[in-house]
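Okay, thanks for coming, everyone. Let me put the structure up, and then we'll walk through it together.

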Amino acid sequence: MAYKVLIVDDSPVTRIMIREMLETLGHQVVGEADSGRGGIDAFRSLKPDLLTLDVSLPDMDGLQVLRELRLKNPLVRVVMVTGNDQKKVLEQAKAMKAGFVAKPFSVQDLANALALAMGAAPPHP
Amino acid sequence: MIGPGLSLEQKAFVAQLIEAGAANSAQRLSHYTKVSWSVASSSIELMTIAGALDALPVDASTFLGVHMRSRPPQSPLTMESLILFPSTATQSLLEAAARAISPRTAALPNWVDAMAGEIANVIGQALVKAMADRFGSSIILSVPFVSSGPKPLLLAKVLDRVGSKRETIVFGQVELAAQGHPASCTMMIVFELNQLRRFQVPPQHPI
């Protein structure tokens, strides 16, 4: 199944990497944002099925973005894509039922996290 | 006590955490650049800001410097980190890393800065992970700020944010070496002394 995905990440390199992986998997990237506030605004206007979200953003951290989104959209689906794989960050993401992919990652890692976040069984490689 | 404020045990504990983080950083750097990296040295010292600047060898060559910081309330620690790559020697590695991600990366405006920022962010996160996990906290690093210049100038800009030249800091330094390649990577991490003094060393602290 193809999902409409919004990418929220300050790094243009990571945005390219995620976009190409998502397109390889047959998903549609409906937008990109390089800040937390920009991501929240883009989510409201573009209504994607899912967001990929960085932890370190210039204006607020990704977990704050997720909390704010969940206030009005409790079912928003999110995969955190980040170099920050500290235990506490993982625990917080898990508590908020967000998927998690730590850098460096493969297309398969991303596919598995997307499938889990969308509530489907992960695809076989 | 060592210097004006950390016990021998506290200093050894922080040194051990930085060493563990450095090994993770080398592993991630190897993944991105397709060259094998290892930890050449790792140290931690208590010194004044002026002392940290004086301790740098005189070197006028140009480095790419990536600065990231952490601040409460997102993080329990006020911390500055500076990751340095020699500009000329690192260019080919950044090109290889960019090509491996996507040919579109090389078309980005300031792609060298973008790649340096991306890689420094990933290895910087690896460096602080052991510390964050051990302290039971999350250390959220800022987005990377990339600039270029001689080492002392780049470090001085970062230390200006910490305090006056007489202030004592905890200064960690890690050197990563690339196998069969002239590139190098210096990772510097600076804490205000009071920030680390608060942390208790567990009786047994294997990393």
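This is a predicted model: local features need pLDDT of at least 70, side-chain atom pairs count only at pLDDT 80 or more; totals for chains, interfaces and linings use all residues.

Let's begin with polar contacts across the interface: twelve residue pairs make them between chain A and chain B, with both partners at pLDDT 80 or more. Salt bridges between chain A and chain B come to three. One to look at is the pair Lys103(A) and Glu118(B), whose side chains meet with 3.0 Å from N to O.

So which parts of chain A supply the side that touches chain B? Helices α1 (12–24) and α4 (87–95) of chain A each put in at least two residues. The biggest giver is α1(A), with seven residues on that side.

How many residues does each chain bring to the contact? Chain A brings 25 residues, and chain B brings 27. Together the two chains bury about 2,200 Å², and 57% of that is on carbon and sulfur atoms.

Where is Pro104(A)? You'll find Pro104(A) in the loop between β5 (99–102) and α5 (107–117) of chain A.

There's another backbone detail in chain A. Lys47(A) isn't a glycine, and still has a positive phi, about 45°. Look for Lys47(A) in the loop that runs between α2 (36–46) and β3 (50–53) of chain A.

Let's stay with chain A and turn to its sheet. There are five strands in an open sheet, ordered β2-β1-β3-β4-β5, with parallel pairing. Why do β2 (28–33) and β5 of chain A each have a side without a neighbour in the sheet? They're at the edges, so each has a single partner strand. From one strand to the next, the twist averages 20°.

Zoom in on β3(A) and β4 (residues 77–82) of chain A: four bridges pair them in the parallel sense. Thr52(A), for instance, has Val79(A) in β4(A) as its bridge partner. Against this sheet packs α2(A), touching β1 (4–8), β2 and β3 of chain A, and its direction makes about 165° with that of β1(A).

Over to chain B. What's the strand order there? This open sheet has six strands, running β1-β5-β6-β3-β2-β4, and the pairing is antiparallel. At the edges sit β1 (37–48) and β4 (145–149) of chain B, each pairing on one side only. The twist in this sheet averages 20° from one strand to the next.

If you want a pair to click on, Phe63(B) has Gly149(B) in β4(B) as its bridge partner.

Two helices to point out on this sheet. Helix α1 (residues 8–33) of chain B packs on it and touches β1, β5 (168–178) and β6 (184–192) of chain B, at about 145° to the direction of β1(B). Helix α4 (residues 111–135) of chain B also packs on the sheet, touching β2, β3 (79–86), β4, β5 and β6 of chain B, and its direction makes about 45° with that of β2(B).

Technical notes
Residues are numbered from 1 along each chain as its sequence is written. Chains are lettered from A and ligands numbered from 1 in the order in which they are written. Side-chain values use heavy atoms; hydrogens and water are left out. Contact means heavy atoms within 4.5 Å. Buried area is the accessible area (1.4 Å probe) that two parts lose on being put together, summed over both. A salt bridge is a side-chain nitrogen of Lys or Arg within 4 Å of a carboxyl oxygen of Asp or Glu. A polar contact is a pair of N or O atoms within 3.5 Å; within protein, one must be able to donate a hydrogen and the other to accept it, and residues adjacent in sequence count only if both atoms are side-chain atoms. Two strands pair if DSSP finds at least two bridges between them. Axes are lines fitted to C-alpha atoms, for helices over the stretch in contact, and angles run from 0 to 180 degrees between N-to-C directions.
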